[in-house]
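The following paragraphs lead the reader through one protein structure. Please keep the sequence and the coordinates in view while reading.

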Amino acid sequence: SLEYHIKTRESGFEIKMLPTWRPDKAMAVEVPSDFRAYVEKLAEVSDVAISCFDDMVAALRKRHDFFAKQGCKLSDHGIEEFYAEDYTGAEVKAIFNKVYGGTGLTKEEILKFKSAMLVVFGEMDWEKGWTQQFHYGAIRNNNSKMFKLLGPDTGFDSIGEFTTAKAMAKFLDRLNSNGKLTKTILYNLNPCANEVIATMLGNFQDGTVAGKIQFGSGWWFLDQKDGMEKQMNALSVLGLLSRFVGMLTDSRSFLSYPRHEYFRRTLCNLVGRDVENGEIPISEMERVNQMIEDISYYNAKNFFQF
């Protein structure tokens, strides 16, 4: 409902509190009963009767519009890996009917549906000029005993190992080929993919926005000094560190915000060591100082247009 976002804005609170669009459950078709419950809730909040795939997309689009009216400028997708299977419109509609009717899907059907939904979401974001974010690479709820006792998302998740480069490239290319690839930030959870992402960015930069495709900062298990440094080193060696939009927190905890200061100190130490080692000339300090300010603040401000 974004009730508290609206109340905060209307109260005159001087700090902007903007929502982020996160429609993960619209592509979570592994358990038919859970998916149907989500679709029924979506129908209720959107005031759209849903009986087919096109209805669901219409309801999602209505919610997307509502989020935009409340100042939303970013989407965020938590996925295990990238999905880029070939599919037809008829196949996706049939898959929706099957799972909505309570029948379990095959692995191939699940992947086709997820692939289609990622494109639907990407096109919506492109239409509004939003930034799409992808946090990928976690395997969740690994301890079945504790899952039964405590439920999902209770601390039994870890870093996954997936082969995602080809699917990631195919997904981005699918949107790009149709002229509908919006600003994008890619966050990997497994550090072995640092160089994969750092080189993937250059495939789809088009000059319309500085750093249009971004390598996101270290997150979750990697939002600590070592993880942050490895991410920035990979970006610096294989991309353009000066265009980096810097740190984020996807936590809802107020106490998580100091990680931005932690990140800035890590960034300064990383670049400072290069200066001390003579790898960055002292004569370039004015430019170095500006780069630090840009990564810490101005790049994000200009990129997101808050």
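At what angle do helix α3 and helix α5 pack, and how far apart are their axes? In this predicted model, helix α3, covering residues 53–69, and helix α5, covering residues 107–128, meet at an angle of about 35 degrees. Their axes are 11 Å apart, and the crossing is right-handed. On the α3 side the contact is formed by F53, M56, V57, L60, R61, H64, D65 and A68. Helix α5 contributes F113, M117, V120, F121, M124, D125, E127 and K128. By class, the residues of this contact comprise 10 nonpolar, one polar and five charged.

Several of these names return when the interior is considered. In soluble globular proteins, nonpolar side chains tend to be buried together. The largest nonpolar core of this model has 70 residues, and M56, L60 and F113 touch the most other members. Helix α5 gives the most to this core, with nine residues. What does L60 touch, leaving aside residues up to four places away in sequence? The residues concerned are W21, A26, Y38, L42, M117, F121 and M124. Of these, M117, F121 and M124 also belong to the α5 side of the helix contact. Another core, of 11 residues, lies apart from the largest one and includes L189, W219, F303 and F304.

The backbone also deserves attention. Most residues other than glycine have a negative phi. D153 has a positive phi, near 55 degrees, and is located in the loop between α6 (144–150) and β4 (158–159). Is D153 buried or exposed? Its relative accessibility is 53%, so D153 counts as exposed, the cut-off being over 50%. W220 likewise has a positive phi near 55 degrees; this residue lies in the loop between β6 (213–215) and α9 (225–238). Because its relative accessible area is 28%, W220 is classed as partly exposed.

Finally, the cysteines may be examined. A disulfide is a covalent bond between the sulfur atoms of two cysteines. How many disulfides does the structure hold? The number is zero. Two cysteines can be described by their surroundings. C52 has a relative accessible area of 27% and is therefore partly exposed. C72, at 2% relative accessibility, falls under the 20% cut-off and so counts as buried.

How values were computed
Residues are numbered from 1 along each chain as its sequence is written. This is a predicted model: local features need pLDDT of at least 70, side-chain atom pairs count only at pLDDT 80 or more; totals for chains, interfaces and linings use all residues. Side-chain values use heavy atoms; hydrogens and water are left out. Axes are lines fitted to C-alpha atoms, for helices over the stretch in contact, and angles run from 0 to 180 degrees between N-to-C directions. Helices (H or I, at least four residues) and strands (E, at least two) are DSSP runs, numbered from the N terminus. A crossing is left-handed if the near helix is turned anticlockwise from the far one by less than a right angle, and right-handed if clockwise. Contact means heavy atoms within 4.5 Å. Ala, Val, Leu, Ile, Met, Phe, Trp, Tyr, Cys and Pro count as nonpolar, Asp, Glu, Lys and Arg as charged, and the others, Gly among them, as polar. A nonpolar core is a set of buried Ala, Val, Leu, Ile, Met, Phe, Trp, Tyr and Cys residues joined through side-chain atoms within 4.5 Å. Buried means under 20% relative accessible area, exposed over 50%, partly exposed in between (1.4 Å probe, protein chains only). A disulfide is a pair of cysteine sulfur atoms within 2.5 Å.
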